[in-house]
Amino acid sequence: MLSKRFERIGDLGDLQKAINHAQEALTATPHDHPDRASRHSNLGYRLSSRFERTGDLGDIQGAVEHAERALAATPQDHPVNVFKSHHNLALWLAKRFSRIGDFGDLQKALKHSEEALAAIPRDHPSQASIHTALGDSLSQRYERIGDFGDLQKAIEQTEKALAATPQNHPTRPSRHIQLAYLLSKRYERIGDLGDLQKAINYGGYAVTATPQDHPHRAIWQNNLAVWLFARYKLIGVLGDFQNAIQHSEEALAATPPDNPSRAGVCTILGGLLESKFSRLQCENDSNRSLRLYIEAHDCRASPPIVRIRAARKAASLLYSAEKFLESISILEDAVNLMPNVDLRFLNRDDQQHRLSELSGLASIAASVALQAGRGAYHSLKLLELGRGIIMGFLIDSRSDVSDLKTDHPVLFGQFQSLRLEIDSPIDEINCVTDQAPHEIQNRAISRRWEAAYELVEVLEHIRSLPGYEEFLLPPSQGAMMKMAANGPIVVFNSTAYRSDVVIVTASSITSLELPKLSYNETVNRMKELTSFGGGSPFKRGQDTKRMKGLLAWLWDAAVEPVFEYLEFQDILISGGSHDTNLKRIWWIGVGQLSVAPFHAAGYHSLGSTRNTLSRAISSYIPTIKALAYARQNQLQLFDECDASFSPEHSKKAKILKKRNPRLLLVPMPKTPRAIDLPGVREEIQHILDSTDRNLIEATVMVDPTPAEVLGKIKHHDIAHFACHGVSCINPSDSHLILFSQDGVHADKLLARDISAMVVQNAQIAYLSACSSAKNPSPELADEVIHLASAFQLAGFSHTFANMWETDDNAACEVARDFYDFLLRNRGNGEDGHRRVSTAFYKAVKKVRDAKPGNPLLWAPFIHTGA
């Protein structure tokens with residue numbers, strides 16, 4: 001009864017009392033009592049209601065757990081109880097998905113709704129509720145995947161629910177509003193004005209039929225405001241605009257400050273008033289719009305992604321008013337919301353989806369920080385916080401935290417145990433228990449949640465200790481400069497606000513504004529870059545001409561100012577041909593510039609030094625944290641012995657041979673349903689000849705499969721792949737094409753599987769494969785997910801890869817020369833890192849010098865790593 005009163009009036013005190021009574025009832029019910037399942041359901045229902053009201057994630061987690069226990073305790077010969085248990089679990093899984101974004105929750109919600117529909121007796125009055133829940137889950141899957149069929153099915157299910165609901169039933173308005181929402185989504189997809197008209201009619205009915213003091217009325221009015229504004233933008237009837245503002249105002253007035261939905265209501269009204277300001281130029285509208293966006297960002301109970309969207313809008317208005325310090329302050333808060341525990345809990349695809357919605361936030365914050373005079377380090381720190389978040393999670397879980405282990409061994413043990421628990425896959429198959437598989441998985445998921453929150457508490461405790469304030473946070477200013485001891489780190493960032501480069505050297509962190517690097521041209525040039533490669537001879541000729549223009553533009557607008565600064569500071573020598581004197585540079589491109597070929601920028605006519613290749617040895621790195629990770633293992637490829645030792649006649653040489661590097665060669669000269677790569681055999685044979693002379697143990701895989709490669713690669717220092725590579729719009733699905741187990745068909749070695757490895761002896765990964773350093777997803781550009789970064793996460797300090805499609809002969813030539821140069825100039829430690837990168841630089845430059853007029857041949861080859 002208390003719960004019913006809360007639903008009608010919204011008094012949180014009633015709900016708290018209802019939860020207390022439901023908990024006492026459950027506690028007093030024996031485990032074998034037939035009513036125990038319903039008591040679990042009752043408590044779960046109240047917790048779910050409190051989650052909707054307060055946004056506490058622990059409540060929805062508790063609701064799901066109680067629903068699972070209710071289902072497990074429900075006898076299968078009670079169809080009414082069975083369908084209720086399935087239905088409740090479906091509802092609460094769908095709510096958890098909408099808050100967190102774990103796609104597995106949504107798939108389970110759909111499954112349980114279908115089970116409920118199959119179990120419910122014919123003509124049971126609750127059929128409408130199940131149709132509603134099924135329609136809601138299908139709608140959420142449509143928004144996540146975009147399958148129009150899901151949207152059509154969602155509309156059908158909701159229409160069935162509405163048809164089965166009596167005219168005077170209290171749930172009828174909510175079903176009207178859901179159908180209105182789905183029709184508005186179909187309008188957005190196909191543009192049928194009739195769908196929008198129906199959405200407004202259904203939404204209007206729901207609002208009219210709902211009492212003024214009903215808790216649901218506010219959010220329904222907010223939805224109606226959105227649809228009215230959409231019709232105003234399409235048709236231009238001023239009355240729609242006025243009505244939209246009125247409904248949004250009433251929605252805001254009826255939404256308590258501590259309600260999780262308040263941020264969304266504030267953002268909608270803020271947008272309407274911002275549009276009104278642009279139409280009528282009334283300063284009050286602009287000021288109030290800003291206040292609403294700021295209030296939305298400050299709503300602690302609201303989902304972080306809603307708060308971040310509001311922060312971006314507020315920051316934009318503040319920037320336009322030249323209130324740069326206020327703008328950067330709110331953007332900093334938004335960036336700090338990004339790497340939160342919700343993201344860490346999700347699997348890779350769900351993390352990517354969440355982060356794609358936040359694309360460009362860190363880049364904008366870095367630009368505004370410079371405009372506000374915050375300084376280059378401050379700007380760079382924001383980029384480190386808000387980029388490479390997925391990679392950062394994995395690096396954190398594998399990083400060397402030996403100081404903590406030495407200083408605080410007990411705390412280190414807690415931290416290590418929790419992070420391994422969170423980052424390890426859930427494996428119910430290997431659990432030895434009497435529980436059913438689904439119960440094992442549910443308990444594992446629940447424990448993962450608990451561990452994630454415990455880790456937050458442990459991290460807060462660690463960072464409260466003297467000397468550990470920056471534990472697993474972006475590197476300090478001093479640490480960043482230390483990372484540049486062996487060469488500058490250069491970070492390019494271009495936004496609609498401004499374009500800059502941040503240059504990290506051993507003595508300073510400096511920024512330069514780049515007025516020639518306009519944002520619009522940068523976007524267009526990087527789009528152009530993704531279209532290069534392949535096609536007819538005519539297209540290749542056109543691509544070559546366009547590539548020359550792009551490299552010249554990149555030099556003039558971005559790279560040349562960097563070299564001018566570094567040479568003025570006596571950090572780099574002037575251009576020349578003696579590569580032993582050249583400094584190394586690490587390039588980081590932010591946002592759309594993550595695909596820019598800085599190493600190839602410039603003019604490449606005979607004798608020209610106005611290009612990167614004449615000035616420095618180039619490497620790429622996703623973030624400075626990733627560079628530190630690549631360097632944490634000492635390079636130890638070669639023992640200090642004369643290369644002329646004869647293994648047949650020297651006992652010492654035989655001992656050293658055991659300690660010398662092991663090379664894994666993975667060739668695919670022929671690939672099922674793909675063009676042959678005739679240069680692969682020549683490439684592999686040349687490497688074998690070179691390594692045989694240098695005491696390197698080489699293993700050549702025949703008909704390699706992904707599983708075999710993943711098994712063998714852990715026991716090798718160098719892995720060389722000569723095969724087809726494919727980049728996918730979901731970058732974690734990018735892959736190298738190998739053989740399937742039957743040895744007849746093709747199979748994929750996925751980036752996601754590579755990055756999950758930890759290879760203890762990893763040193764060099766050479767990917768002689770097309771597009772192995774390409775991420776075609778603009779929304780995930782700052783996550784820098786591709787095959788090359790996957791190998792880096794697996795532990796390889798150096799990865800060689802290709803930015804786009806490559807010529808088979810050119811790839812063979814670069815690989816052959818790399819090993820020749822490397823084995824003639826061996827070294828370990830920091831000297832070894834330099835020799836590895838220099839060997840690759842010389843191999844690429846040799847191809848460039850032979851064919852400077854065709855950058856498509858030599859420009860795709862890049863090095864990333866230490």
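This report describes confidence, helices, aromatic pairs and salt bridges in one predicted protein model.

Residues are numbered from 1 along each chain as its sequence is written, and side-chain values use heavy atoms, with hydrogens and water left out. Because the model is predicted, local features need a pLDDT of at least 70 and side-chain atom pairs count only at pLDDT 80 or more, whereas totals for chains, interfaces and linings use all residues.

**Confidence**

The predictor's confidence in each residue is given as pLDDT, on a scale from 0 to 100. Its mean for the protein is 88, and 91% of the residues reach 70 or more. Over residues 426–437 the pLDDT stays under 50, and the model has nine contacts (heavy atoms within 4.5 Å) beyond four places in sequence for this stretch. Residues 640–658 also have pLDDT below 50, with 14 contacts beyond near neighbours in sequence.

**Helices and their surroundings**

Helices (H or I, at least four residues) and strands (E, at least two) are DSSP runs, numbered from the N terminus. Helix α7 covers residues 127–145, and its end C-alpha atoms are 27 Å apart, in agreement with the 27 Å that its 19 residues should span at 1.5 Å a residue; the expected span is 1.5 Å times one less than the number of residues. Gly146, with a positive phi near 90°, follows α7.

Gln157 belongs to helix α8 (residues 148–163). Its relative accessibility of 13% makes it buried (under 20% relative accessible area; exposed is over 50% and partly exposed in between, with a 1.4 Å probe and protein chains only). Beyond neighbours within four places in sequence, Gln157 contacts His131, Leu134, Gly135 and Leu138.

In helix α3 (residues 36–54) lies Arg46, which is buried at 18% relative accessibility. Leaving out residues up to four places away in sequence, Arg46 touches Ser3, Leu15, Ala18, Ile19 and Ala22.

**Aromatic pairs**

Rings of Phe, Tyr and Trp (its six-membered ring) pair if their centres lie within 6.5 Å; planes under 30 degrees apart count as stacked, over 60 as edge-to-face and the rest as tilted. The whole structure has 22 aromatic pairs. One of them joins Phe415 and Phe471 edge-to-face, at 5.3 Å centre to centre and 70° between the planes. Phe415 lies in helix α23 and Phe471 in the loop between α24 and α25, so the pair ties together parts 56 residues apart in sequence. Both Phe415 and Phe471 are buried. Another pair, Tyr766 with Tyr819, is tilted, with 6.0 Å between centres and 35° between planes. Tyr766 is in strand β12 and Tyr819 in helix α34, so this pair ties together parts 53 residues apart in sequence.

Phe492, Trp555, Phe563, Trp587 and Phe598 are linked into a cluster by ring pairs.

**Salt bridges**

A salt bridge is a side-chain nitrogen of Lys or Arg within 4 Å of a carboxyl oxygen of Asp or Glu. The count comes to 36 salt bridges, including those tabulated here.

| Pair | N to O distance |
|---|---|
| Arg525 and Glu521 | 3.3 Å |
| Glu567 and Arg615 | 2.8 Å |
| Asp817 and Lys846 | 3.5 Å |

Arg525 and Glu521 both lie in helix α26, four residues apart, about one turn of the helix. Glu567 in helix α27 and Arg615 in the loop between β4 and β5 are 48 residues apart. Asp817 is buried at 4% relative accessibility, whereas Lys846 is partly exposed at 39%.
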